Amino acid sequence: MRAAAAMSADAAATVLAPVLGELRSICDFGPVTGNLDELPDIDLLVTGWGCPPITAAALERLPSLKAVVHTAGSVKGFVTDACWERGIAVSSAAAANALPVAEYTVAMILLSGKRVLERARDYKATQRIGHYDIPPAVGNYGATIGILSASMIGRRVIELLRPHDFHVLVHDPFVTEVDGAESVGLAELFARSDVVSVHTPLLPETTGLVSRELLGLLRDDAVLINTARGAIVDQDALAVEAGRIRAVLDVTDPEVLPADHPLWRNENVLITPHLAGSQGNEWVRLARHAVAEVRRWAAGQPFSTPVSAERRERIA
């Protein structure tokens with residue numbers, strides 16, 4: 001089997017380089033490039049961040065290509081209709097990348113329940129510990145956590161929340177029953193939750209989904225967590241409501257927000273630099289998944305995490 005890789009130089013150096021030797025032991029592994037024109041005719045293509053769109057013109061130069069193994073999550077940016085029309089099998093590491101996002105989300109739920117960031121800031125200013133002047137709302141016992149979308153990441157968050165003393169709600173228009181969570185309507189999710197965590201993919205119908213009206217349903221001091229896509233949340237409305245509620249934003253629209261955007265200056269808002277997904281040693285998990293998928297394909301087996309044409313419109 002002949003294979004090669006298409007991704008940015010940074011992705012190649014950080015994600016692919018540690019497993020290149022193993023890939024070469026599985027198959028005849030050719031160049032690693034960010035330019036599809038430089039690829040020889042191959043049977044399988046390993047892709048990563050920075051892969052150009054695999055268009056019909058690109059496929060004409062790759063008549064033997066039958067499979068794509070992606071070392072990251074979403075394939076929407078480069079797997080085109082031409083790939084699906086030719087019947088190319090596609091695998092993604094979305095499931096592997098979902099774990100650190102879910103871990104980040106659970107960490108932020110727990111930290112926000114204890115008001116860790118706010119109380120650390122106050123402690124630094126006052127250098128005083130007041131154990132008995134803490135409001136009863138502080139803490140994680142019995143809190144209601146709302147999960148917006150039973151996506152791959154949303155379901156993993158629900159799974160990781162099970163050992164904790166939470167009541168978990170979920171809203172997903174395409175799913176009526178999720179193990180470990182109570183399915184509710186969209187407005188009810190916001191009205192009942194102490195924390196709402198956004199895990200819906202960015203689609204035309206979800207752009208601006210977390211609207212001024214929904215944000216207004218959140219109780220005072222509730223928390224909105226967004227690790228999905230910035231455009232899902234009405235950020236202008238959030239900037240107004242953030243005097244009343246709190247927010248943890250790992251994604252914004254655009255990334256990076258303008259320097260004068262009010263969310264930067266709001267002490268109720270924590271903005272992190274899109275770090276929830278795989279980074280550092282977590283890239284090894286993505287690389288190991290890709291190697292396993294290449295090994296399966298070389299052995300004549302189907303992919304363990306295929307992405308079908310039917311699912312592509314509903315994935316992040």
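**View 1. A4 sits across from L45 in a predicted model**.
The setting is a parallel pair of strands: β1, residues 2–6, is joined to β3, residues 44–47, by four bridges. Keep in mind that this is a predicted model, here and in every view below.

**View 2. Five strands line up as an open sheet**.
At the edges are β2 (28–33) and β5 (89–91), each of which pairs on one side only. Going from one strand to the next, the twist averages 20°. Helix α12, residues 283–298, packs on this sheet and touches β3, β4 (67–70) and β5. The direction of α12 makes about 160° with that of β4.

**View 3. Helix α12 also packs with helix α5**.
Stay with α12 and look at its helix partner. The axes of α5 and α12 are 9 Å apart, and the two helices pack at an angle of about 160°. That angle makes α5 roughly antiparallel to α12. The crossing, as α5 passes α12, is right-handed. Which residues meet here, on the α5 side and on the α12 side? From α5 come A96, N97, L99 and P100, and from α12 come R285, L286 and H289.

**View 4. Seven strands make another open sheet**.
Now for the sheet with the order β8-β7-β6-β9-β10-β11-β12, whose pairing is parallel. Its edge strands are β8 (182–183) and β12, and each pairs on one side only. Pick out β6 (residues 144–148) and β7 (residues 167–171): they pair in the parallel sense over five bridges. Within that pair, I145 has V168 in β7 as its bridge partner. Two helices to look for here are α5 and α7. Helix α5 lies across β6, β9 (195–198), β10, β11 and β12, and it runs at about 165° to β10. Helix α7 lies across β6 and β7, at about 160° to β6.

**View 5. Helices α5 and α7 cross at roughly 50°**.
Here are those two helices again, this time with each other. The axes of α5 (residues 94–113) and α7 (residues 152–161) come within 8 Å. With a crossing angle of roughly 50°, α5 and α7 are therefore oblique to each other. As α5 passes α7, the crossing is right-handed. Residues of α5 that take part include A94, A98, L99, V101, A102, T105 and I109, while the α7 side includes M152, I153, R156, V157, L160 and L161.

Is G154 buried or exposed? Its relative accessible area is 0%, so G154 is buried. Leaving aside its neighbours within four places in sequence, G154 is in contact with I147, S149 and H199. For a sense of scale, the C-alpha atoms of G154 and G230 are separated by 16 Å, and these two glycines are 76 residues apart along the chain.

**View 6. Strand β11 has parallel partners in β10 and β12**.
Back in the seven-strand sheet, four bridges join β10 (residues 223–226) to β11. In that pairing, V223 has R246 as its bridge partner in β11. To get from β10 to β11, the chain crosses through helix α10 (residues 235–241), and this β-α-β crossover is right-handed. Strand β12 (residues 269–271) pairs with β11 too, over three bridges, and V269 in β12 is the bridge partner of A247. What about the side chains along β11, residues 246–249? R246 and V248 point one way, A247 and L249 point the other way, and all are buried.

**View 7. A closer look at V248 in strand β11**.
V248 counts as buried because its relative accessibility is 7%, and the cut-off for buried is under 20%. Which residues touch V248, if its neighbours within four places in sequence are left aside? The contacts are Y104, M108, V223, L224, I225, N226 and L270. Take M108 from that group: V248 and M108 are 140 residues apart in sequence, yet their C-alpha atoms are 7.6 Å apart in space.

Technical notes:
Residues are numbered from 1 along each chain as its sequence is written. This is a predicted model: local features need pLDDT of at least 70, side-chain atom pairs count only at pLDDT 80 or more; totals for chains, interfaces and linings use all residues. Side-chain values use heavy atoms; hydrogens and water are left out. Buried means under 20% relative accessible area, exposed over 50%, partly exposed in between (1.4 Å probe, protein chains only). Two strands pair if DSSP finds at least two bridges between them. A crossover is right-handed if, with the strands pointing away from the viewer, the path from the first strand over the helix to the second runs clockwise. Axes are lines fitted to C-alpha atoms, for helices over the stretch in contact, and angles run from 0 to 180 degrees between N-to-C directions. Angles under 35 degrees count as roughly parallel, over 145 as roughly antiparallel, 65 to 115 as roughly perpendicular and the rest as oblique. A crossing is left-handed if the near helix is turned anticlockwise from the far one by less than a right angle, and right-handed if clockwise. Contact means heavy atoms within 4.5 Å.
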